[in-house]
Amino acid sequence: MYRVLVYPYNQGDSCLAEYRSMLEQYEIVSLVCLKGANENGKFAGVQKDTSAGILITENYEGEMDKCDAVLFLEYHFLEHKDTYIEKMGSALLKNKVIMLNQTIYDECQKLIGDSSNIVIFDNSLEMELRQQVYKKRLVQPDIPVAAVMSLGENCNKFEAQLELRKKFMEKGYKVLQFGTKDYCELFGFKKLPSFLMAEDLSIVNKIHMFNYYINREVLKDNYDVIVIGGAGGILPFDQYISNHFGEITFIISSALNIDINVICIYHNDQAKVEELKEFREYCKGKIGCFSDYFYMSDKQYRIPESHQIEYFQLDRQYCIKSIPEIKDDDIKFCHCLDEEKKSQMLDSIICELEENIELV
Amino acid sequence: MIVYKLLKTPDNYYVYDRNKNKILNISEADYLELSMLKKNEISESEVSCLKKFQKNGYLQENIVEEIQHPETKYINHFLNNRVRMLILQVTQSCNLRCEYCSFSGNYENRVHSNKFMTWETAKKAIDYLYEHSSEMDEVTVSFYGGEPLLCLDFIKKCVLYIKETYADRKTSFGMTTNGTLLSLEAAEFLFINNFSVTISLDGSKKDHDANRKFADGRGSFDIIMENIKRIAEHNKDFIDKVRFNTVLNTKSDYGTVRNYFLSEDIVCDASIGIGLVESINSKEDIVFADKFVNQRRYDFFLLLISLLKKANGVSLPGFVKELKSGFDLDYSSIEDNRYLSKSCHHSGPCIPGATRMFVNTDGGIYSCEKVSEYSEVMRIGEIETGIDVQKVSEAMNIGSISEKDCKNCWALNWCSMCALYVEKNGQFDAATKKANCAQAILGAEDKLLNLCVLKEFGYKFGKEELYV
């Protein structure tokens, strides 16, 4: 069991605290924020009312003795590169393991040097995969595929992936999962393969590679279900905010038939059944799968005249008071702060898959 | 009721549809019909052209049912997490006695005093900013006066405190100064800390010194130029980044001001902000001479034809050229497909206290540096106790005091009025708002007409920079 210090902790990575019971072989012992950050002196997990009991601090050196490993998050890395390097150096000097993603590693490698204590969280596939891909046909795995997608960034998508994982595992299912955060490995599953973001591959190649990759991974164990988080959004917000035109979700849904698709949407107290149904139809056309499950976030966005999208984390009490009433036979809806409805929705996902007709 | 505005250029007819925020090029016959409908000379059912527009989604019934700022329900969130900018009034004292200054005594809102901000107040304001901006990637701290450089050591202390206490928070610094105290030492400090510095300069010596004087009556132009030239010898990069701010006032000779900024080496490549002397809260009417108005309009005309590439050899000062981005921005807002909803508010108001938070020497919190410090409604909080949410809500929802008019006003999407233009004697006043409405509506009409004319003559609205 590794005792982990997270740096720099920020609200966007609150899953690490809120879902710490799901961590496999890791224990979060310290959450250290940037110097002067608003999180300093507060308890992690306040939003979900599941206080992890870890006081967030800006005292990196002071917390270091409590941990075996430091997880460096990419949050504002480029602006604070020197600070990261200083903190990495300090951790390595004290013989701590440092865990970081490929981007941070590539930027800092020359300055921090090589060390067996450096662990890179990345799912960069062996290059041979590119050569192994045969474009003859797409193959559908023999087990169901559940996807978690979202309207855009910052929509509690990783949280929904963890909730789905938890529910499947509680029911005894073996889950093959690919997620949208660098630190998926801490929770026992893999990050989406990095070739999906490669700039030198065509979308067609990515689709075939992803199909090949998933089928290969499925054969490695007796999995019951595949859960895939679709990075980014599904559609552009407007002519300025493209969400990469939903490229990743398009690749995933083209590579595999999605049996269950959960869509994470931003908080909207005015949301109506008709709108969700309209969106369900849109998904059917755009990504070729039914999207009957809606997971409402506690975050909101706005696009000011500058066209720079701004996300904001809404107040817990405000959210709870303004959860819209969505009742419909076809649409399954829950809000991330409504534990009861959330559990019901996840149960109905399991139920739908269990009731599927089995084909030979 | 259908809310629209008819527009006409020498060659074409247009209708602006408020619901859709679009301008349609229409025939003369359609224009005349819609004009008659506007005057209630015919009924909607008698307007034959309506059907074709409505079939395409335009000129539908007014959908606005309520005037409410769309961010109203998120006020608490903005005030708690998204405070973007702190402006510290470090002193009310100034070494100049500019005649048009808001501290000059010619305005209702303030006078010069020898008040200086205490360190306790500044520290509390700074801490408040960082504690209430958790969702901001970057915040701005700006220093304002009086003349802020009278307090250089105090400003240094503030910057040091921020850099030590909030080391990893991205902070931009800014200052508006009269430039008379801009020593080499001050410039070096501002440069090292990457300040955005704005120097007030009203043009040539004659134009500048007409208003911007020391207490003994001496003009301040020469000393500012000496400072700038001395600093330029040591640190040209600093001077290259300085922005100049020019206040056109009733004593300005527009021709000499524009020629000065066109020809003077030290300023001709600089960014120049230009504005008219503030009329809000002025004790006297501010009236510009016809010559001034006509020269300015002629420059505007030159800008239009230069945008249309029909003004070869014409030189325009930077502050006129900068207006181009305004046209492009206005056009992009029409392209944006942001339609009105049932509940909305006219454009203009920010979220006071979040978009900007002006803290005066006494620790009073105001929505910005322009508002009256004597006004009860504009004082939205105290640095000791925080911001009064109810006051913020009232200030950002000033449309509610003219709700009936706003619901049916065609200029709702193009209005420029914020609380500043509605306050009188410490209260929000419907009559004051109505009086200022006329100007806002004229401004909106001007903007739409400019778009129509430029489009007619083939202007590409920002596309040439992208594609050519």
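## Where the chains meet

In this predicted model, 13 residues of chain A are in contact with 15 residues of chain B (contact: C-beta atoms, placed from the backbone, within 7 Å). Chain A's side of that meeting has 4 nonpolar, 5 polar and 4 charged residues. For the classes, Ala, Val, Leu, Ile, Met, Phe, Trp, Tyr, Cys and Pro count as nonpolar, Asp, Glu, Lys and Arg as charged, and the others, Gly among them, as polar.

Some bookkeeping: residues are numbered from 1 along each chain as its sequence is written, and chains are lettered from A in the order in which they are written. Local features need pLDDT of at least 70 and side-chain atom pairs count only at pLDDT 80 or more, while totals for chains, interfaces and linings use all residues.

## Chain B overall

Chain B carries 18 helices and 17 strands (DSSP runs numbered from the N terminus: H or I of at least four residues for helices, E of at least two for strands). Its radius of gyration is 24 Å, close to the 23 Å from the globule rule for 468 residues, so chain B is as compact as a globular protein of that length. That radius is taken over C-alpha atoms, and the rule is 2.2 Å times the number of residues to the power 0.38.

The C-alpha trace of chain B spans about 75 × 55 × 45 Å along its principal axes. Of contacts in chain B between residues at least 6 apart in sequence, 70% join residues at least 24 apart.

## Two domains

Chain B splits into domain 1 (4–62) and domain 2 (68–463), with bounds from an automatic or database domain assignment. Their C-alpha centres lie 37 Å apart, and 15 residues of domain 1 are in contact with 14 residues of domain 2. On the domain 1 side, β1 (4–8), β2 (13–17) and β3 (22–26) of chain B each give two or more residues, and β1(B) gives the most, with 3.

## The cores

The largest nonpolar core has 112 residues; B:Leu86, B:Leu88, B:Ala125, B:Ile126 and B:Leu129 have the most contacts inside it. Such a core is a set of buried Ala, Val, Leu, Ile, Met, Phe, Trp, Tyr and Cys residues joined through C-beta atoms within 7 Å, buried meaning 20 or more other C-beta atoms within 10 Å of a residue's own. Helix α4 (residues 119–131) of chain B gives the most to this core, with 6 residues. Both domains of chain B give residues to this core, so it lies between them.

Beyond its neighbours within four places in sequence, B:Leu88 is in contact with residues including B:Met117, B:Ala125, B:Phe143 and B:Val359. Apart from this core lies another, of 59 residues, among them A:Leu164 and A:Cys334.

Conventions. A residue is buried if 20 or more other C-beta atoms lie within 10 Å of its own, exposed if 12 or fewer, and partly exposed in between; C-beta atoms are placed from the backbone. Two residues are in contact if their C-beta atoms, placed from the backbone, lie within 7 Å.
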